[in-house]
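This report describes selected features of one protein model. Please view the sequence and structure below before reading on.

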Amino acid sequence: MSESFDRGMKVRREVLGDAHVDRAEAAKTDLDLPFQTLITEGAWGTVWASDGISRRERSMLTLALLAATGNFEEIPMHIRATARTGASKSDVLEAFQHVAIYAGVPKANHALKLAKATYKEMEDEA
């Protein structure tokens, strides 16, 4: 693979954890291999690997963007990632408050509901 793929896989594991990445890798097929390579190189090997902003800030931005665009499926995964990126519950609330003002209260409300449920699951697992 490429240097950006290798860097992306390293960052992806650091942010999401080995267990998550191992499950995702095991589920790859010929159909989604090009897509998985794209996100590993682009999202993880370029954007998340950049030192332009901290991982904490990147987590907050990612969660806000997911909520604002209604891409709720990935919110629990990125809430779990906050344990590794340093974004606190307070940081997440601040991000979702921005979503409420700039993208709509229903989106922020749903994102917050998902965050609360995911934090509860994380506490139960600990």
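## Surroundings of Ile 79

Ile 79 is in contact (heavy atoms within 4.5 Å) with Leu 63, Val 92, Ala 115, Thr 118, Tyr 119 and Met 122, leaving aside residues up to four places away in sequence. Ile 79 belongs to helix H5, residues 75–85; helices are DSSP runs of H or I with at least four residues, numbered from the N terminus. Because its relative accessibility is 0%, Ile 79 counts as buried, a term for under 20% relative accessible area with a 1.4 Å probe and protein chains only, whereas exposed means over 50%. Between the C-alpha atoms of Ile 79 and Asp 51, which are 28 residues apart along the chain, the separation is 21 Å.

## Basis of the model

The model is predicted: local features need pLDDT of at least 70 and side-chain atom pairs pLDDT 80 or more, while totals for chains, interfaces and linings use all residues. Residues are numbered from 1 along each chain as its sequence is written, and side-chain values use heavy atoms, without hydrogens and water.

## Leu 65

Helix H4, residues 55–68, contains Leu 65. Leu 65 is exposed, because its relative accessible area is 53%.

## Lining of the largest pocket

A pocket is an open set of points on a 1 Å grid over the protein atoms alone, where a 1.4 Å probe fits, with protein on both sides within 12 Å along at least five of seven lines; lining residues have an atom within 4 Å of a point. H3 provides the largest share of the lining of the largest pocket, six residues.

Technical notes
Helix = DSSP H or I, 4+ residues; strand = E, 2+ residues; numbered from the N terminus.
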